[in-house]
Amino acid sequence: MALIDYHDIDELKNGNEEKVWMAIEHHLGENSSLCRCRDCILDAAAIALNSLQPRYHVYSFHEKAGEEEDAALLKEARKAVEEAFKKVTKRPHHF
Ligand SMILES: [Zn+2]
């Protein structure tokens, strides 16, 4: 068995994922003309997450970020999502 099979990798979380999904919801709410298909939304999430610094932590040991830090991270995520949707809209992968 591989090492990965002995460890609970669900405990390993990128803190930016939650922020990016919040930012996507916000962005779609503000931009009614954007495509909401699975391909476009997942592509935008992937592009946004790849453009941000990873923020991995072990879920069970996670200490919540302070309010100020949290707001700053959400602002970064919103900017990343905005840029990601520009790319996806320019070259969508949907059929
Ligand atoms: Zn689409």
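Let me begin with Asp10, which sits in the segment before strand 1. This is a predicted model, and what I report is computed from it. Is Asp10 buried or exposed? Asp10 has 7 C-beta neighbours inside 10 Å, and it therefore counts as exposed. In sequence, Asp10 and Val58 are 48 residues apart, yet their C-alpha atoms lie 8.8 Å from each other in space.

I turn now to the chain as a whole. The chain contains three helices and two strands, and read from the N terminus its elements follow the order β-α-α-β-α. The C-alpha trace spans about 45 × 40 × 20 Å along its principal axes. Of the 95 residues, 17% count as buried. As for contacts between residues at least 6 apart in sequence, 92% of them join residues at least 24 apart.

Next, helix 1. This helix covers residues 15–30, which makes 16 residues. From first C-alpha to last it reaches 24 Å, close to the 22 Å expected at 1.5 Å a residue. Which residues of helix 1 are buried? They are Asn16, Lys19, Val20, Ala23 and Ile24. These residues lie on the same side of helix 1, because they cover an arc of only 145° around the axis. As a general point, an α-helix has 3.6 residues a turn, so residues three or four places apart point the same way. On the other side of helix 1, Glu25 and Gly29 are exposed.

What do the buried residues of helix 1 pack against? Their partners are strand 1, at residues 12–14, helix 2, at 38–51, and helix 3, at 67–90.

The largest nonpolar core comprises 13 residues. Those with the most contacts inside it are Val20, Ala44, Ala48, Ala77, Ala80, Val81 and Ala84. Helix 1, helix 2 and helix 3 each supply at least two residues of this core, and the largest share, seven residues, comes from helix 3. In soluble globular proteins, nonpolar side chains tend to be buried together.

Leaving aside residues up to four places away in sequence, which residues does Val81 touch? The residues touched by Val81 are Val20, Ala23, Ile24, His27, Ala44 and Ala48.

Note on methods: Residues numbered from 1 in each chain as written. Predicted model: local features only at pLDDT ≥ 70, side-chain atom pairs only at ≥ 80, totals over all residues. Helix = DSSP H or I, 4+ residues; strand = E, 2+ residues; numbered from the N terminus. Expected span 1.5 Å × (residues − 1). Buried ≥ 20, exposed ≤ 12 C-beta atoms within 10 Å, placed from the backbone. Arc of directions from axis to C-beta. Contact = placed C-beta atoms within 7 Å. Core = buried A, V, L, I, M, F, W, Y, C linked by C-beta atoms within 7 Å.
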